[in-house]
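Hi,

Here is the structure I said I'd pass on.

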Protein chains: 4
Amino acid sequence: MPDKISFSSDYTKGAHPRILQRLSDTNFEQMPGYGTDDYCKSAADKIKKACGKPDADVFFLVGGTQTNQTIIDMLLKPYEGVVAAQTGHVAAHEAGAIEFSGHKVLTLPSLSKANEDDRAGEAVYDEQVGKIKASDLRALISGFYADDNHEHMVFPGAVYISHPTEYGTLYTKTELTEISEVCREYKLPLFLDGARLGYGLMSKRTDVTLADIANLVDVFYIGGTKVGALFGEAVVFTKGAPTTHPVPIIKQHGALLAKGWLLGLQFDTLFTDDLYFDISRNAIEMADLLRKSLVDKGYRLYIDSPTNQQFIVMEDDRLKELASHVGYGFWEKLDETHTVIRLATDWATTREDIEELMKWL
Amino acid sequence: MPDKISFSSDYTKGAHPRILQRLSDTNFEQMPGYGTDDYCKSAADKIKKACGKPDADVFFLVGGTQTNQTIIDMLLKPYEGVVAAQTGHVAAHEAGAIEFSGHKVLTLPSLSKANEDDRAGEAVYDEQVGKIKASDLRALISGFYADDNHEHMVFPGAVYISHPTEYGTLYTKTELTEISEVCREYKLPLFLDGARLGYGLMSKRTDVTLADIANLVDVFYIGGTKVGALFGEAVVFTKGAPTTHPVPIIKQHGALLAKGWLLGLQFDTLFTDDLYFDISRNAIEMADLLRKSLVDKGYRLYIDSPTNQQFIVMEDDRLKELASHVGYGFWEKLDETHTVIRLATDWATTREDIEELMKWL
Amino acid sequence: MPDKISFSSDYTKGAHPRILQRLSDTNFEQMPGYGTDDYCKSAADKIKKACGKPDADVFFLVGGTQTNQTIIDMLLKPYEGVVAAQTGHVAAHEAGAIEFSGHKVLTLPSLSKANEDDRAGEAVYDEQVGKIKASDLRALISGFYADDNHEHMVFPGAVYISHPTEYGTLYTKTELTEISEVCREYKLPLFLDGARLGYGLMSKRTDVTLADIANLVDVFYIGGTKVGALFGEAVVFTKGAPTTHPVPIIKQHGALLAKGWLLGLQFDTLFTDDLYFDISRNAIEMADLLRKSLVDKGYRLYIDSPTNQQFIVMEDDRLKELASHVGYGFWEKLDETHTVIRLATDWATTREDIEELMKWL
Amino acid sequence: MPDKISFSSDYTKGAHPRILQRLSDTNFEQMPGYGTDDYCKSAADKIKKACGKPDADVFFLVGGTQTNQTIIDMLLKPYEGVVAAQTGHVAAHEAGAIEFSGHKVLTLPSLSKANEDDRAGEAVYDEQVGKIKASDLRALISGFYADDNHEHMVFPGAVYISHPTEYGTLYTKTELTEISEVCREYKLPLFLDGARLGYGLMSKRTDVTLADIANLVDVFYIGGTKVGALFGEAVVFTKGAPTTHPVPIIKQHGALLAKGWLLGLQFDTLFTDDLYFDISRNAIEMADLLRKSLVDKGYRLYIDSPTNQQFIVMEDDRLKELASHVGYGFWEKLDETHTVIRLATDWATTREDIEELMKWL
């Protein structure tokens, strides 16, 4: 039905054709429910192998907020909260799903402005935006324990990071390692939200691999919804699940899909012949082309993002015009006359799409 | 992968081919997220028309427990509980999802044994099993208000029924009307769980239509997961939603699907050319054939179910043998040497499937 | 202000004068907050000694519902519920406080009617009313684990009993031992609500001692509110608390009293020179006198209660008359023309009070 | 038992002797439970009169965190959060009690440092510390509604302020009025935590009266625990309660005291002959004396507090020495060698106490 091209997000299209094909091929196979089927097992095996973690536990859930809520609730004791960037999805954009399950989000600053004198091009924010710092994390935790009144406060019980972040930025391997070390020192599980993980792993400007993540965090998820699946997120507990009864916990959160094999089948496809990585790379290449085109045309970047989400500053007048030709994502008002918009590429974006977009910019 | 036929449940297969076809046809159309797309609108319009309720509000959620939890939480005030049959899904088989969101399930009896002298054939239970009675409901509510201490008790705040019930039974129009009248008298919203609604509506032994339900309840859902969709439940608030902000409530429950159009598209297909009703009718015809075959072979019915779920009593020895040829659903142990099993037909069951099954029975 | 005598409950008066005296004596001593003071320590030591449990952890909370909610939440994992009698306070009369904290109450039957042919006097209920049976408990738990679908159900995670029960009845030592054995076999903590514990321990018809309870249960509380204190319940975790951080959990439930020493001071007084036991004995002696007087006058007992709560069946006409002279507790309507009322004695009831009451009966 | 004087907090002593006397005088009067007694009614009437709000609803709860949690839960819809200063008690020091009941705390900045060039004496913070600003509040709310994605965020649903704040500071009448106007514009209830209200009202440096508060906020409470009562907080819904069933909500939070009259009796005493105001004035006079003495001795104030809590900066070496003679409240580490401590006066502090303290400072 929609009649114009859109870069508003990376969840505007269906699924990679190979996934649709397999859904079709297996449509009348009869499967046991709730993820107990062989496709889930096969997908889990492939993921564990790709991570180099044969002892991991892998679950498949439907969407991002649901996954964040369920995992965080599994990780925390009742009197604990989760530490996250103030801009983290769980802190800002999940309608209070974490608090709904009884836990506070303890926030760390993550909006470091670019230094005026020494910044990449004209980006408003530097590459730290959206990220937490190991030093801030340590300060929060050690400050908590140093406070004589801390038994009256919410205990930090787990740490949440997103990679890529909501701003498209990436942790370096050094940064991830430092955060991981703080977590291990204080015995706090580290949880990495990988709703866009493929786009982080395939960035030209990252030194972080899937195996690195599996080594450095306690639990993460491999996003499918935004990376080629119809829907679905693959949760990997790298050292095994923190509970002997994940099923009732998942069900209690309304997150147990009856036809669980639909999730297994999709991830089995994505982790066959490196499909997940190949389609992620496409999004990166298209984003790099887009960014270059934008900079060439003199657009001011909001941040010099190394992944599939690009953010630019637009004059409000020109934005109105753009809106009639191209879909984009409203990000925030920068000032009285400017707006920040998001342009996201994805696993299916083509060179022609970029050219069409640039025609209107 | 599975190599044997299964009647274990009605969620063992994918989706009706027309749904897969449309997913494929629209795969690269770019849609806005979270159910704001035109397919959701179209599906909602068709459903409202089918119900005769132009002012209804229609939402699409992913699965049954999630839907029950979210709707009940929308209906209740914090100090209220939901009234349900002791055998209701929300009371017995949702891992405490209702309590997880802070509410008690107030139960009514629903396991009336068949009268030994006057019962249909040899069924263990009569056709009331799984259902609540208007008289019991009235007694609970009026008893509550008559109790001087009721401010220290959980207030009945909504009424939950399933149709078909978990036992495959159906309310008559008279029964539904009576329950509805009690609810209206006490101003309690009536919620009908229609996870298998199609199979109830197409039963040969029902006088209840979709329009009847829409007239008699405040909210119900039309099950897709078990009736031809890949997944999805269409919630119909017949007089409009009970909140001006359903989106954050849905999201808070982890129930807001990013690619909401996947749900709209499926229900739009199911409610085009009466597909939902036609495929539901198939399940009923196959169930009727199955029941007749079972009775002819001398099997004792657990209940003379008028819908797609059939329950029979099996000797444990013979059950073990059956298990190697056919999938079935364990229901409960009847006594030391007998087990009740469930055999469910669905939208895709064929006459050949029944014949294959009967070979082993 | 009230101008008539009342037997409506055991929480109609202030505190034993020795408690008021000590509050007065210590009024200007300056204490550290939140139960970290020496009076709490002293009270805990005396209680541990009285229980014969030097390694117990003792906490002081303010009221019954608060205590039940906080303890049960400490004992349960998120996917677990608490098993209780259908008539248990947590199941029926706490406005959903257990569900508010996310847990289901799994109920067992507890309303066994007296056998018409063989019952004590004319009591409507026998001495089992309000109690659970070890056999029912075992059946619930083993049935749960035998059910193939139990991962979709609420796990039994702890067992709640009250002693005396809400009906004034008492477990025998044998019954308590059997229940305790089932709990240990399935590794479920056993929690005994002792809101009226003193009246149970001092009953003439009990073989259960404080040490027995401390040996047989995992956590219980010694009720103060109804037994001589202004307010307060002393929680005893007989083998130590189930969490290393009880303080934030208690505070999260709004149950951490700033001036915690008020609780310690009261229990220190009650457990000095056997005051708790002496005043409890008074209530029992007065209840025995009351019951004898009632039976002599031909009143029908609702149950032949061995503790401080007595229940009788009254004609509605005579009840109206009584109401203008004496306070009583409405219990329930028995039939069209009869009502069950509760008459409770307490630590301060006098022989003159009973005589005054009997004048009107 | 304690053998040294303490200024650590304002909840280190029992109650005003008139309260103990009345508890003693009424000890054997028999009262109905749960706040339905005449003392609660009388106290509520006196409070309504003192506030000039005959139509207010007044409830009595036991402690501060419990009161904050219960009221906020009454005010909010499930998808709403409460706006508070980052230093507000509900945001920082209640062990997550608000999140435990499902709601997010949306924070505003409140730590404005004193301007180096133009500040009162040597205080580290200016008199704004601990307070929110109407302009920040408006920015948060209008920013929320201006955000296209706000349906995915937590809605601001009520505003919480404390007066005095946790730092002893006070809102001016103008500031309160501005905040109240923003709340009314956006139809958000304004809730004022008055745990130390008396000390705010009796400050020499305030223009805010009890009637002003009752006019400007929707609900507030008059703290008893810290102002002369044994325990208890009087909640005033100035325009009536937001629910027709406050009792089950209060009980669900474990906050319904069985012997509710203990609260009524205390507040009835405090609001007889202006006792509450007189004893509050004493704390202020003693705090003013203390502050003057501290400044005279050259101590650096952390903030020039106009109420009963005084904060000073101490060298760590001297602090250790002080600790053996006087109780004080640890507030926070200022730097490597300095600590901020709190010294609180209260309703019972005497001139001799101050002199004794100053001996050691």
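Let's start in chain A, where Tyr34(A) sits in the loop between helix H1 (17–25) and helix H2 (38–51). Keep in mind that this is a predicted model. Tyr34(A) isn't a glycine, yet its phi is positive, about 60 degrees. For background, most residues other than glycine have a negative phi, and most peptide bonds are trans.

You'll find Lys187(A) in the loop between helix H7 (173–185) and strand S6 (190–193) of chain A. Its relative accessibility is 72%, so Lys187(A) counts as exposed.

Now jump to chain C and look at helix H7 there. Which residues of H7(C) are buried? They are Glu175(C), Leu176(C), Ile179(C), Ser180(C), Val182(C) and Cys183(C). If you look down the axis of H7(C), these buried residues fall within an arc of 160 degrees, so they line one face of the helix. Among the elements of chain C covering the buried residues of H7(C) are helix H6 (134–146), strand S5 (155–162), strand S6 (190–193) and helix H9 (210–216). After H7(C) comes Lys187(C), with a positive phi near 55 degrees.

While you're in chain C, check the loop between S5 and H7, which holds Pro164(C). The peptide bond joining His163(C) and Pro164(C) is cis, with omega about -5 degrees. Chain B has a cis bond from His163(B) to Pro164(B), where omega is near -5 degrees. Pro164(B) lies in the loop between strand S5 (155–162) and helix H7 (173–185) of chain B.

Next, the sheet in chain D. This is an open sheet of 7 strands with mixed pairing, in the order S2-S8-S7-S6-S5-S3-S4. Which strands of chain D stand at the edges? Strand S2 (57–61) and strand S4 (105–108) do; each has a single partner strand, so one side of each is left without a neighbour in the sheet. From one strand to the next, the twist averages 25 degrees.

Zooming in on one pair, S7 (residues 219–223) and S8 (residues 233–237) of chain D run antiparallel and are joined by 5 bridges. Within that pair, Gly223(D) is opposite Glu233(D) in S8(D). Helix H2 (residues 38–51) of chain D packs on the sheet and touches S2, S7 and S8, with its direction at about 125 degrees to that of S2(D). Helix H3 (residues 64–75) of chain D packs on the sheet as well, and its direction makes about 20 degrees with that of S8(D).

Last stop: where chains A and C meet. Here 16 residues of chain A are in contact with 16 residues of chain C. About 1,500 Å² is buried between the two chains, with carbon and sulfur atoms giving 61% of that area. Tyr79(A), Glu151(A) and His152(A) supply 40% of the area chain A buries against chain C, more than any other three residues.

Cheers

Notes. Residues numbered from 1 in each chain as written. Chains lettered and ligands numbered in written order. Predicted model: local features only at pLDDT ≥ 70, side-chain atom pairs only at ≥ 80, totals over all residues. Heavy atoms only, no water. Buried < 20%, exposed > 50% of the residue type's maximum accessible area, 1.4 Å probe, protein only. Helix = DSSP H or I, 4+ residues; strand = E, 2+ residues; numbered from the N terminus. Arc of directions from axis to C-beta. Contact = heavy atoms within 4.5 Å. Pairing = 2+ DSSP bridges. Axes fitted to C-alpha atoms, helices over the stretch in contact; angles between N-to-C directions. Buried area = accessible area lost by both parts, 1.4 Å probe.
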